[in-house]
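Subject: Handover of a structure

Dear colleague,

Please find the sequence and the structure below. A summary of what was found follows them.

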Amino acid sequence: MSKPFRALAAAVLITLAAAPAAQAHRSWLAPSATVLSGQDPWVTVDGAVSNTLFYADHVAMRLDGVSVVGPDGQPVEIKNGSTGRYRSTFDVQLAKPGTYKIANVSEGASASYKLGGETKRWRGRADEIATAIPKEAADVQITHNVRRVETFVTAGAPNTEALKPTGRGLELEPITHPNDLVASEPAKFRLLHDGKPAADVEVEVVLGDTRYRDKGVELKVKTGADGVFQISWPEPGLYWLEASAQGQDAAGGRRSAGYVATLEVLPD
């Protein structure tokens, strides 16, 4: 093998080895604006799973799990929903002043078990477990999964009614309001797992809009014993925040939770 060919082969192998990290798929909700004023404000929200943050290049996010909580804590209907090849889009009318939480929440379960000496696997809704797994199955291991993808928008003065945690899965309890983020000011949040502080959980924070950059801003911080973590924003922009945690329920089953938020940081 010639030296040029060996060099080319080595470069190809290096590229292939690095490809999985570069092609990570990330779920996100991106609003057209996060802070609005005036009469009868609306926002348009894009939802997708993509390789490049906030650039729809892989697959659309399904809308059947999307919900909106208004400033009074009541549900708000999404309007003009549409799903294309690479992204879904919908509108939210901000009819009342205050803060809205827009979320896509998915819950399910997976299981592995042995039957007749073979390992079987199953995935579906949690309420299907009782009938999906044969009674004679052995070594049954069940994992309950909750994944939450969120963003926040405010019309007029912000409030916190929509930000109250539900107690299911990983959730963000803002200490700093999520629509009051400024590049020159650090922000604090508390991460909760099933309503309790999620301690020692790694939180990844990535600045989006990196399609034309070699590498964007990427930060990693850990929650304290009280679930609190702090982020110092290096620059304004639209950020993607992600965390995951594992645990067990009272019956000894596994619990897997994931959380994603899109946050806009404004210039100072």
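Accessible areas come from the Shrake-Rupley method with a 1.4 Å probe, and for residues only the protein chains shown count as cover. On that basis the chain exposes about 14,400 Å², of which carbon and sulfur atoms supply 50%.

This is a predicted model, in which local features need pLDDT of at least 70 and side-chain atom pairs count only at pLDDT 80 or more, while totals for chains, interfaces and linings use all residues. Residues are numbered from 1 along each chain as its sequence is written, and side-chain values use heavy atoms, with hydrogens and water left out.

Confidence. The average pLDDT (the predictor's confidence in each residue, from 0 to 100) is 88 for the chain, and 89% of the residues score at least 70. Over residues 1-23, pLDDT stays under 50, and the model has two contacts (heavy atoms within 4.5 Å) beyond four places in sequence for them. Where pLDDT is low, the predicted coordinates should not be read in detail.

Overall fold. The chain holds two helices and 19 strands, taken as DSSP runs numbered from the N terminus (helices H or I, at least four residues; strands E, at least two). Of its 268 residues, 42% are buried, where buried means under 20% relative accessible area, exposed over 50% and partly exposed in between (1.4 Å probe, protein chains only). Among contacts between residues at least 6 apart in sequence, 64% join residues at least 24 apart.

Cores. A nonpolar core is a set of buried Ala, Val, Leu, Ile, Met, Phe, Trp, Tyr and Cys residues joined through side-chain atoms within 4.5 Å. The largest has 27 residues, and L170, F189 and W233 are among those with the most contacts inside it. Elements giving two or more residues to this core include β12 (170-174), β13 (187-193) and β19 (254-265); β19 provides the largest share, five residues. Apart from this core lies another, of 25 residues, including L29, F54, V66 and L238.

Two loop residues. T34 lies in the loop between β1 (26-31) and β2 (35-36) and counts as buried because its relative accessibility is 3%. Its side chain makes a polar contact with that of E264 at 2.4 Å; such a contact is a pair of N or O atoms within 3.5 Å, and within protein one must be able to donate a hydrogen and the other to accept it, with residues adjacent in sequence counting only if both atoms are side-chain atoms. S184, in the loop between β12 and β13, counts as partly exposed because its relative accessibility is 45%.

Yours sincerely
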